[in-house]
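Welcome, and thanks for taking a look at this structure. Let us walk through it together, one part at a time.

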Amino acid sequence: MPVIEERMHTRDFVELENEFGAHNYHPLDVVIERAEGVWVTDVDGKRYLDCLAAYSAVNQGHCHPEILRTLTEQASKVTLTSRAFRNEQLPLLYKQLHDLTGMDMALPMNTGAEAVETAVKTARKWGYKIKGIPDGKAEIIVCANNFHGRTVTVVSFSSDEQYRDGFGPFTPGFKIIPFGDAEALRAAITPNTAAFLVEPIQGEAGILIPPKGYLADAAEICRANRVLLMVDEIQSGLGRTGRLFAYMHEDVEPDLLIVGKALAGGFYPVSAVLASKEILGVYRPGDHGSTFGGNPLGCAVARTALRVLVEENMVERSAELGDYFLQKLKGIRSPHIKEVRGRGLWIGIELDVPARPYSEALKQEGILCKETHDRVIRIAPPLVIKRDEIDWAYERFKRVIESC
C-alpha cells in the first residue's frame, strides 16, 4: 500500500482522488477538512463561505450543535435494528412529519433517489389497485429538464442526454412535457395516467421558477382527472425557498410529497415519501423496504433537524435574507448576465457564457458555489447565514462577475 504522508496538502488529495476514484464528478479543487455554520475550512487552512450547502442538504448549517448532540447520543444507544423489529425513534418521526405537513402517513428511505423510486412504485401500485388502470399500462407524466436522481428508472425519464448516455435499456411508462405548461399537462393525461411528478422549482436545471399559478393549475387538472400530484421537494423543501415547502407558495396540497437532503441536516442520509392513507395504504408487508430506511439513528437525527429548522426560524430567515440577497445580486452589472432569479435562499445567475470560470474565480475570493447546466451559477447557502455575511459575499460576487 502507498504510504500516506502525515501532512498532506490540497494537491496531494486531488492527485489521490484522480488516481483512485471514478471520475463521475468535476469538483472544484478545494479539499474541505472542517465546517461550521456557513463556513468551511480546507486542508491548507483557507476559509470559505459555503454557497452550495451540499445541494441544500445542510440547510441548518454545517455541524449544527444540537443535531450533532443527537447523533452522538443516539449512536451510543442503538444505530440500526432493520425493520424486522421496531424502534422508539421511528414512530416519533412519523408523528412529527404528520404535524408539519398534515400528511397521514410516511414511508422512510435513505437517499432522495430512493424516495423518488418509492414514489414511482407507489403511484403505479395505486394506479392498479385503486384507480383500476390495466396491469402494465400505468403512465407517469414528468417535466423536461427534470432532475429526480440518477438510478436507471429515474434517468429513463430525464431529458438530459448525458444522464442517459450508455445506461439503457430504460424503464418505460413515462411521458415528458414542458415545465411550467399546465395545458401540456392536461393534453398528456389519458385514462392510464397514474401521476404527475414535478419539482415546484427546478434546481439542477438552473433555479427555474414556473409561471405564477402553474402548480395550482396542475393540482386542479390532476384532481379533475384522478391523477396523483407528486411533488419532489428534496432540494426545494425544508425552508430553501422561504416557505417550509415550495408548493406552499401557491397553497397547493399535493397527493404525495417527497423529502430528503435537509431532512437530516447533512448528518445522515434520510428521505421519505408522505401521502394519504389511501395512497400509502396500498403497501402490504414485503411489497417494499430498505434495511437502513427508518433506522433509529437516522430518525433521531431527522427529528432534531426538523425541530431546529422550526425553532430557529430558519424558514422565515430564508424568505427575508433571500429577498435581500436577490435584490443585491440583481444590481450587478455585466453584459454576460442574462437573468438573476430566485426564491428564498435559492438563487441562479444565468450567463451567456460558461459559468465554470466564475465558480473558480469565486473560490479564489473565498466563496464556494457551483455551476449548473453549464451557464448558471447556483447560490444556496445554509439558512443560518447572516446579513453581514451576505454583504461580504455580495462584494465578491460583484467583483468577480463584473471583472470576468
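Two strands pair if DSSP finds at least two bridges between them. Strands (E, at least two residues) and helices (H or I, at least four) are DSSP runs, numbered from the N terminus. What you see is a predicted model, in which local features need pLDDT of at least 70, side-chain atom pairs count only at pLDDT 80 or more, and totals for chains, interfaces and linings use all residues. Residues are numbered from 1 along each chain as its sequence is written, and side-chain values use heavy atoms, with hydrogens and water left out.

Met230 has Leu256 in S9 as its bridge partner.

S5 pairs with S7 in the parallel sense over 3 bridges, and Glu139 has Thr193 in S7 as its bridge partner. S5 also runs parallel to S6, with 4 bridges joining them; here Ile140 stands opposite Phe174. How many residues of S5 are buried? The count is 5 of its 5 residues, where buried means under 20% relative accessible area, with a 1.4 Å probe and protein chains only. Glu139, Ile141 and Cys143 lie on one side, and Ile140 and Val142 on the other.

Next come two helices. Helix H4 (residues 89-101) packs against helix H11 (residues 296-311) at an angle of about 30°, with their axes 8 Å apart. That makes H4 roughly parallel to H11, a label for angles under 35 degrees. Axes here are lines fitted to C-alpha atoms over the stretch in contact, and angles run from 0 to 180 degrees between N-to-C directions. Contact means heavy atoms within 4.5 Å. Among the residues making this contact are Leu93 and Leu97 of H4 and Cys299 and Leu306 of H11.

Finally, find Asn110 in the loop between strand S4 (105-109) and helix H5 (112-131). Why does Asn110 count as buried? Because its relative accessibility is 10%. Leaving aside neighbours within four places in sequence, Asn110 is in contact with residues including Pro269, Ser290 and Asn295.

Definitions and conventions. Buried < 20%, exposed > 50% of the residue type's maximum accessible area, 1.4 Å probe, protein only. Parallel < 35°, antiparallel > 145°, perpendicular 65-115°, else oblique.
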